[in-house]
Amino acid sequence: MTSPLTSDPVDPAADATATTSNYMGFVGVTTGSSSIMKVFPLWADILGLPTRTLIGHDLPMDADPAQYRALVEQIRDDPHHRGALVTTHKMNVYAAASDLFDELDPFAVSCAEISSISKRGALLSGRAKDPITVDLALNDFLPADHFARTGAAVVILGAGGSGTALSWALAERDDAPSRVIVTARSQQKLDHLREVHRQHGTRADLIEYVVTRTPEEADAVVAAAPAGSVIANATGLGKDRPGSPVTDAVVFPEDSYVWEFNYRGSLEFLHQARAQEQARRLHVVDGWRYFIHGWSQVVADVFELDLTPEVVEQLAEAAESVR
């Protein structure tokens, strides 16, 4: 497969007919560095998928709309391309190319993002899986009665796709936090998120929208959160580009759950939390389980599978072997 939008397939020797049989795509920035490139063939064997081949479609962070449209058209028009997972670019794919899809799920429309591209016969489908996958990952580490028991809050650093999904999932929880503070460097992103919540019918007093133009301003928001709060890095910093939304001087609330959404990259935010783990009694969580749930949900969507919790754990064990 040769295209300026496409990187080499993983393990082409394992599927010599990669260019004439089915394959799945991965839309990101640095797809070749992702563990999924080693994990996907293992999952294909477990799930009995019709292919072990995963193709990376790398686009720059500042790609223009024409590039997104060309990529969606490439996926749509290639009969061997089964569909794709979209990571960093999910909001941009929606903004630039949502009209190319025959159907969009309610999450995609409300959150204005597409994380799963699949085909149903001649129909091209776009779905936003993040509200589901982020909730699954949250439930993996957070006690079911945590917020009712502690009165803790949630600070979401970043109002992009992952931050939007987490705020959406929190609003749906029976055990809701006392409040959810979402930060962004621009008012525009927060206004968009506010409109998503308004359309969804989210309780007006649950979400607080705070512009933090500097890491020092983000530090202050984090430090003001009550003990036991969840502090999540949903900015993407520390993965596709280095950095952290907070400074090394940040003070995490005692007994808080510090959640780094990323599992690979420079991971500055994760290291900042680790440095205070013992002194502040932090529960530090990386993005590995989020990665597992995110990918397994999209693979199930693309290949029309039903995944039980037992199968997801089997996939997680296989992924751990190559982490």
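This is a predicted model: local features need pLDDT of at least 70, side-chain atom pairs count only at pLDDT 80 or more; totals for chains, interfaces and linings use all residues.
## Basis

Local features need pLDDT of at least 70, side-chain atom pairs count only at pLDDT 80 or more, and totals for chains, interfaces and linings use all residues. Residues are numbered from 1 along each chain as its sequence is written, and side-chain values use heavy atoms, with hydrogens and water left out.

Helices (H or I, at least four residues) and strands (E, at least two) are DSSP runs, numbered from the N terminus.

## Strand E1

Buried means under 20% relative accessible area (1.4 Å probe, protein chains only). In a regular strand, side chains alternate between the two faces of the sheet. Tyr23, Gly25 and Val27 point one way from E1. Met24, Phe26 and Gly28 point the other way.

## Partners of E1

Strands pair if DSSP finds at least two bridges between them. E1 pairs with E3 (residues 81-86) in the parallel sense over 4 bridges. Val27 stands opposite Val86 there. E1 also pairs with E2 (residues 54-58) in the parallel sense, over 5 bridges. In E2, His57 stands opposite Val27.

## Helix H5

H5 has 12 residues, 130-141.

Asp130, Pro131, Thr133, Val134, Ala137, Leu138 and Phe141 are buried in H5. They cover an arc of only 170 degrees around the axis, which puts them on the same side of H5. The arc is that of the directions from the helix axis to the C-beta atoms.

Note on methods
Buried means under 20% relative accessible area, exposed over 50%, partly exposed in between (1.4 Å probe, protein chains only). The expected span of a helix is 1.5 Å times one less than its number of residues.
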